[in-house]
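Please read them with the structure open.

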Amino acid sequence: MTGACLAGLALLAVTGCAVDQQASKREARAEAAYPPTGQLLQVDGRQVHADIRGSGPDLVLLHGASGNSRDFNFDLVERLQDRYRVISFDRPGLGWTDDLGPQTDNPIAQAELLRQAAAQLDVRNPIVLGHSYGGAVAMGWALRDPGDTAAVVLLAGATYPWPGDLGNWYPFITSPVGKAAAVPLITAYAPESRVQDAIAGIFAPNPVPPGYADYIGAGLTLRRDSFINNAQQVDGLKPYVTAMAPRYPRLSMPIEIVHGDRDTTVGLDYHSRRMVQDLPNARLTVLPGVGHMPHHADPAAVVSAIDRAAARAGLR
């Protein structure tokens, strides 16, 4: 091997080490800045983070991709905790909940882990709410335990297969090169401006609420493992909802759906309108001018949907 080759390999090793060190520093800062807000449970050797507030009928909240339970705790929970016991979980592989290894991208396996955690909290006959990807987990929860699921509330839920694919980004991130090279660089050096732009894109066309970006803890999602887990979940979702969707008509519990008509992340027609066509027990509220974050753009409408689900289930 020539001296030039040896020098090149040494430079790559040093560079990789520097990237890993910087990534580790940013991960440590994020974890220190955004600690768990609730309690940490142990379920079959895995850690599950649950934030519990209020009293009343049980209401389980399941966040979407790239998120954590802080998304709900920012504003929505305080609107509900006077009449529900609200349990906000970090989904597996995100926030402060451990991943599921090879099953991390399986929404039904996610639901199973969180149902076991809920059992430790003596959760009974809950209303299960899921936003975006969390909608698939909520439907998985209902499919696995329809007799002890009072109702389902979906906020822009990703619950059916969609046409086409999601592009090359997620397959690249989950590839060996993406995991080894791209993800550490993103974790180490992603500028704050790009993080802010990404959050703004998720909310578009609605504004990001003041203080949200500081509260949500995007640095938790930028941790290397979390970033990869999230990409695997999004990239692998379609086959799961393809298999789940034919089973939805077996569900008889009340289902309330809230979806903005300006949502460009989860298609209103492909998911929510299809569900009300397939399930007579599903009711859809379409919010004009609202994008992918209805619980922030119109929280009153979401609270009303939860209350309707509770009333239909005989909980209020």
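1. In α3, P107, I108, Q110, A111, E112, L114, R115 and A118 meet Y133, A136, V137, G140, W141 and R144 of α4; contact means heavy atoms within 4.5 Å. By class, this contact has 9 nonpolar, 2 polar and 3 charged residues (Ala, Val, Leu, Ile, Met, Phe, Trp, Tyr, Cys and Pro count as nonpolar, Asp, Glu, Lys and Arg as charged, the others, Gly among them, as polar).

2. The model is predicted: local features need pLDDT of at least 70, side-chain atom pairs count only at pLDDT 80 or more, and totals for chains, interfaces and linings use all residues. Residues are numbered from 1 along each chain as its sequence is written, and side-chain values use heavy atoms, with hydrogens and water left out.

3. Helices α3 (residues 107-120) and α4 (residues 133-144) pack at about 70°, their axes 8 Å apart (helices are DSSP runs of H or I, at least four residues; axes are lines fitted to C-alpha atoms over the stretch in contact, and angles run from 0 to 180 degrees between N-to-C directions). α3 is therefore roughly perpendicular to α4 (65 to 115 degrees).

4. The largest pocket is lined by 46 residues, with A65, S66, Y170, I202 and N230 nearest its centre (a pocket is an open set of points on a 1 Å grid over the protein atoms alone, where a 1.4 Å probe fits, with protein on both sides within 12 Å along at least five of seven lines; lining residues have an atom within 4 Å of a point). α7 gives the most to this lining, 7 residues. The lining of the largest pocket divides into 28 nonpolar, 16 polar and 2 charged residues.

Conventions
Helices (H or I, at least four residues) and strands (E, at least two) are DSSP runs, numbered from the N terminus. Angles under 35 degrees count as roughly parallel, over 145 as roughly antiparallel, 65 to 115 as roughly perpendicular and the rest as oblique.
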